[in-house]
Amino acid sequence: MLQQPVALNTQEISFNEFKKEVLKDYKIARISRECSLLGRREVLTGKAKFGIFGDGKEVPQLAMAKAFKKGDFRSGYYRDQTFMMALGELTAQQFFAGLYAHTDINADPMSAGRQMGGHFATHSLHDNGTWKNLTKQYNSSSDISPTAGQMPRLLGLAQASKIYRNEKSVKNNTNFSINGNEVAWGTIGNASTSEGLFFETINAAGVLQVPMVMSVWDDEYGISVHAKHQTTKESISEILKGFQRDHKNKGYEIFVINGWDYVQLVDVYQKAAKLASEEHVPVLIHVKELTQPQGHSTSGSHERYKSKERLQWEKNHDCITKMREWILDFELETETGDVLRFVEDETDLIILEKEAKKEVTNAKRNAWNAFLNEIKSERLDASELLEKAAQKSANKPFILKYKNDLNTISEPTRKDVLSTVRKCLWYLRDENSAEKIAIQIYIKSLLKEAYQKYSTHLTSETDLSALEVLDKAPTYSQEKNLVDARIIMRDNFDAILKKHQNVVIFGEDAGFIGDVNQGLEGLQEKYGNIRISDTGIREATIIGQGIGLAMRGLRPIAEIQYLDYLLYALQIMSDDLATLRYRTLGKQKAPLIIRTRGHRLEGIWHAGSPMGGIINNIRGIHVLVPRNMTKAAGFYNTLLEGDDPALVIECLNGYRLKEELPTNLGDFKTPIGIVETVKEGKDITVVSYGSTLRLVLEAAKDLRQVGIDIEVIDAQSLLPFDLTKDCVKSLAKTNKLLVVDEDVPGGASAYILQEIIENQNGYQYLDSKPSTLTSKPHRPAYGTDGDYFSKPSVEDIFEKVYAIMHESNPTKFKSLY
Ligand SMILES: Cc1ncc(C[n+]2csc(CCOP(=O)(O)OP(=O)(O)O)c2C)c(N)n1
Ligand SMILES: [Mg+2]
């Protein structure tokens with residue numbers, strides 16, 4: 001078949017170069033396929049726990065990799081191993097190291113064994129937490145498993161280019177962008193486009209006109225569920241047609257292409273990259289007719305739900321098979337009448353395929369040996385220690401049995417080693433010997449190492465941590481300058497925008513009117529509509545926007561209008577933002593600040609305090625609950641000096657209260673993880689936060705009248721909580737504890753109680769039952785009375801404290817009821 005030469009890498013290249021490129025690509029595809037085939041076997045024989053691979057999706061990924069440039073970002077999902085391999089960012093050995101969960105970051109650079117295989121990432125940070133020059137490397141934001149969870153962040157990754165191109169305050173930030181030319185590349189499976197996050201992101205990217213190229217790998221299935229149950233008209237490009245741009249309206253460029261057509265794919269991806277990069281037009285590429293040669297994952301077999309005809313169709317349309325046919329068929333007649341071919345005959349390809357297979361087999365063996373040898377050497381140490389201890393022990397036969405059992409395991413895990421040694425220590429509990437001490441030391445050192453391997457980097461552990469930022473008090477002018485507290489927010493944001501050129505603030509109503517409570521009043525006018533902008537009503541992608549921007553060196557402050565609506569964004573905060581640093585062993589970060597307002601609202605969806613749910617879902621993000629605007633402003637100032645993500649909840653009913661305007665705006669700092677004793681007292685410690693704290697202070701005055709002197713502590717920071725353990729110091733003085741908030745029973749108040757009683761050992765100072773006072777378990781009813789009978793009131797607080805005092809001294813404090 002005579003064909004035209006294809007222009008790869010956009011320039012015309014000679015046939016020889018073209019041939020080299022095609023064969024190189026084919027080999028990458030084969031290597032990737034062999035990894036998938038062998039990977040599945042590794043799981044089925046028990047060497048790895050779970051496998052989900054990129055077989056059947058190889059060829060379009062070769063094309064995407066050709067169009068992907070340094071500085072670009074990928075936000076994709078578990079099928080993209082070929083793309084990563086084609087970029088040179090994933091070797092076959094690293095692929096297997098990830099599958100085995102090798103905890104050495106050099107062995108598994110994707111996540112140091114923390115993520116399942118198939119979750120890809122590059123390193124944005126140096127070991128000390130500072131940024132690398134991202135324009136000089138290929139970038140893949142770290143994948144997450146929830147389907148479509150990669151979408152919200154993709155929006156921000158793309159928008160960053162737009163900001164860098166158009167906003168003069170960050171134009172010279174060459175670590176992250178060269179004139180905003182970078183493209184953010186998304187990948188998603190056809191079925192996952194059913195998720196709301198997909199549609200929310202697609203719409204937002206169309207509105208924002210950002211350089212995003214979205215590929216849908218369409219294999220007609222989502223595990224066992226066919227497209228007819230997933231997508232209207234069974235075609236995502238069909239139903240997104242309304243997004244196609246035309247001469248009147250901006251929108252998307254949409255391409256539809258078969259996933260086995262190497263030549264067309266290369267062409268389409270080049271066009272897409274050019275459009276996105278040069279014109280900042282979002283592009284959708286619907287890649288059809290892809291397959292799953294081995295089914296969805298190692299958890300099942302697709303023979304159960306695909307018809308014989310479909311399985312046969314998949315065989316015939318396997319993208320590698322088709323590419324192979326094309327290579328074999330390719331003939332090009334030159335002007336002199338010669339016929340040029342990629343290969344003389346099939347033998348050339350068979351040789352190449354054998355090479356690929358051999359390379360992968362070797363890579364697998366090397367990865368396995370490197371992984372297992374570490375554990376085997378730990379087992380050897382353990383075994384020697386146990387042997388020695390057994391010789392000295394009255395329980396020798398039991399310990400030797402454990403040791404021998406451990407030694408007979410052909411592929412031991414760390415768990416095997418440690419659980420054996422720990423059990424043997426139980427047998428030594430009544431004995432004293434140097435050998436026993438050696439075992440104790442050994443266990444402790446293994447646990448310490450395990451901590452490093454499995455539990456570090458939840459938040460920043462570098463010098464850039466927000467926890468390292470020191471307290472700096474607000475200063476005030478001579479004359480008392482009392483203002484509506486929202487002025488403090490506004491003027492402090494003004495100072496922030498001046499001081500930190502890379503801060504951008506956005507949210508619903510945040511731009512033109514300067515937020516619903518006027519905390520950003522006039523700032524869009526002053527700093528422009530890129531730095532201060534309105535967004536659509538789309539909480540999850542507001543957060544995603546923030547995550548992506550933060551991953552590209554900007555300092556976004558994403559506003560969620562009211563705390564209750566954070567629930568729409570909670571999933572992405574929990575799954576993506578909160579885990580980012582952890583799941584990359586500190587190699588990626590997104591220091592996003594989320595600003596919202598809550599507490600003391602009225603009504604079922606305006607309860608304002610679902611704190612327990614929030615703090616338990618977003619470990620990895622600081623959660624700050626300032627009682628007033630000065631404290632809140634101080635938190636923003638602190639956070640911008642650090643590199644951790646955080647949620648700041650301002651008190652909705654605090655904007656019109658009077659506070660004194662500090663003179664060192666943008667500079668004073670509220671420290672994170674430090675409580676404040678707002679009122680000293682000797683009878684009982686009452687811990688609270690946010691708007692409820694004001695009620696506690698009111699109740700404190702009433703209690704004073706009846707001779708009860710309470711100590712009031714403002715928690716201020718729920719995650720982390722009271723790092724200097726001041727609560728227990730107070731408890732040592734008062735011996736009584738009440739925690740008050742307006743969350744449901746067992747919510748954040750229970751968390752605070754556990755922190756003080758268990759973590760701070762507060763139990764030893766108690767002489768009465770530690771208590772909580774919370775809202776009712778239902779959401780608050782509407783109106784003043786609904787609020788009064790749903791949430792703790794000043795009277796409730798008074799009576800709760802009084803009851804505790806009555807219990808400890810009934811003669812002095814007579815029962816009220
Ligand atoms: C939120 C969420 N729901 C369900 C799953 C389980 N799950 C994993 S992959 C998958 C199917 C995805 O199909 P598709 O998007 O077409 O990608 P493919 O695997 O076919 O490439 C499902 C349901 C998940 N990971 N996340
Ligand atoms: Mg699919």
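Helices (H or I, at least four residues) and strands (E, at least two) are DSSP runs, numbered from the N terminus. Asn190 and Tyr221 are both buried, and buried means under 20% relative accessible area, with exposed over 50% and partly exposed in between (1.4 Å probe, protein chains only).

A word on what you're looking at: this is a predicted model, where local features need pLDDT of at least 70 and side-chain atom pairs count only at pLDDT 80 or more, while totals for chains, interfaces and linings use all residues. Residues are numbered from 1 along each chain as its sequence is written, chains are lettered from A and ligands numbered from 1 in the order in which they are written, and side-chain values use heavy atoms, leaving out hydrogens and water.

Six strands make an open, parallel sheet in the order 2-1-3-4-8-7. Strand 2 (139-140) and strand 7 (253-258) are at the edges with a single partner strand each, so one side of each has no neighbour in the sheet. Two strands count as paired if DSSP finds at least two bridges between them. Strand 3 pairs in the parallel sense with strand 1 (residues 73-75) over three bridges, and Phe73 has Ala184 in strand 3 as its bridge partner. Strand 3 also pairs in the parallel sense with strand 4 (residues 212-217), over six bridges, with Trp185 opposite Val213 in strand 4.

How enclosed is strand 3? Six of its six residues are buried, so it is largely enclosed by the rest of the structure. In a regular strand, side chains alternate between the two faces of the sheet. Here Ala184, Gly186 and Ile188 point one way, and Trp185, Thr187 and Gly189 the other.

On a 1 Å grid over the protein atoms alone, a cavity is a set of points where a 1.4 Å probe fits but cannot get out; a pocket is an open set with protein on both sides within 12 Å along at least five of seven lines; lining residues have an atom within 4 Å of a point. Grid points are joined across faces, edges and corners, and a volume is the space filled by probe spheres set on the points. There are six cavities of 30 Å³ or more.

| Space | Volume | Lining residues | Closest to the centre |
|---|---|---|---|
| Largest cavity | about 70 Å³ | 13 residues | Phe95, Gly98, Met110, Gly117 and Gly118 |
| Largest pocket | about 650 Å³ | 23 residues | Lys49, Tyr100, Ala101, Phe371 and Thr413 |

Helix 4 (92-100) and helix 11 (346-392) each supply at least two residues of the largest pocket's lining, and helix 11 gives the most, with four residues.

Finally, Asp643 lies in the loop between helix 21 (629-641) and strand 17 (646-651). At 4% relative accessibility, Asp643 counts as buried.
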